[in-house]
Each structure stands twice: as structure tokens, then as C-alpha cells.
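Welcome! Take a moment to look over the model shown here, and then read on for a short tour.

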Amino acid sequence: IGAVIFVGQMPRALGLAAPENSATISVIQYVFTNIQNVNLASVGLTLLTLAIIFGLPRILPKVPAILIGVLTTSILVFVLQIPT
């Protein structure tokens, strides 16, 4: 189930529009077909979010890392007016 969710979110993490067909193989084909249209800001924000989610618990284990990761990148997008 996790792999299916991961593949389903790949276009969004890469800044691509959602594909019409949400079947796993179709999504993978869609990503490879549109790889030249990747939004680097979206990729950077995705990587920053993942770094916070996986890194913060090592520093502050009692802090909700997922919430902090999403809030941090959301605030960055808003304040810096990053087009995603």
C-alpha cells in the first residue's frame, strides 16, 4: 500500500499536473514521459520536507516532525511566493 501511495504522489512531488489515469503503471509512465517538465522548486520543497520529517526526530524526538515539516515548507512557499 505504501508503494502505491508513493507512486501516486510522485507527480505532485515533482511539480507535475495530476495524470488522468491513476493506475500505478500509468502514473510511472506519465512521470517518465513528462520528466522534462519537472518543477525544481517542488522537488526542493519535497526534499526539505523529507529531511525535516526524518531528521527532526533525531534532534527533538518529542516534536511532531511531520507537522513541522509541512508547516515549514508551507510557510516558505507563502512568504517567498514560490511558484509550485
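**A first look**

Thr49 has its place in helix α3, where helices (H or I, at least four residues) and strands (E, at least two) are DSSP runs, numbered from the N terminus. This is a predicted model, in which local features need pLDDT of at least 70 and side-chain atom pairs count only at pLDDT 80 or more, while totals for chains, interfaces and linings use all residues. Residues are numbered from 1 along each chain as its sequence is written, and side-chain values use heavy atoms, with hydrogens and water left out.

**The overall picture**

- The protein has four helices and zero strands, and from the N terminus on its elements run α-α-α-α.
- Taken along the principal axes, the C-alpha atoms of the protein fill a box of roughly 40 × 35 × 15 Å.
- Of the 84 residues of the protein, 21% count as buried; buried means under 20% relative accessible area, exposed over 50%, and partly exposed in between (1.4 Å probe, protein chains only).

**How α3 and α4 meet**

- Helix α3 covers residues 40-59, and helix α4 covers residues 65-80.
- These helices, α3 and α4, pack at an angle of about 150°, with their axes 8 Å apart.
- That angle makes α3 roughly antiparallel to α4.
- For such values, axes are lines fitted to C-alpha atoms, for helices over the stretch in contact, and angles run from 0 to 180 degrees between N-to-C directions.
- Angles under 35 degrees count as roughly parallel, over 145 as roughly antiparallel, 65 to 115 as roughly perpendicular and the rest as oblique.
- Is Thr49 buried or exposed? Thr49 counts as buried, because its relative accessibility is 15%.
- Thr49 and Val70 are 21 residues apart along the chain, and their C-alpha atoms are separated by 6.4 Å.

- Lys62 lies in the loop between α3 and α4, and with a relative accessible area of 83% Lys62 is exposed.

**Helix α2**

- Phe32 is found in helix α2, which spans residues 24-33.
- With 61% relative accessibility, Phe32 counts as exposed.
- Phe32 and Pro11 are 9.9 Å apart in space, C-alpha to C-alpha, and 21 residues apart in sequence.

- Leu67, Leu71, Ile75, Phe78, Val79 and Leu80 make a nonpolar surface patch of about 650 Å².
- Like charges are joined within 9 Å, and nonpolar side chains (Val, Leu, Ile, Met, Phe, Trp, Tyr) within 5 Å.
- Accessible areas come from the Shrake-Rupley method with a 1.4 Å probe; for residues, only the protein chains shown count as cover.
- Val79 belongs to helix α4, and at 57% relative accessibility Val79 counts as exposed.
- Gln81 is in the segment after α4, and Gln81 has a positive phi of about 55° although it is not a glycine.
- Gln81 counts as exposed, because its relative accessibility is 58%.

Definitions and conventions
Patches are made of residues with over 30% relative accessible area and no salt bridge: like charges are joined within 9 Å, nonpolar side chains (Val, Leu, Ile, Met, Phe, Trp, Tyr) within 5 Å. A salt bridge is a side-chain nitrogen of Lys or Arg within 4 Å of a carboxyl oxygen of Asp or Glu.
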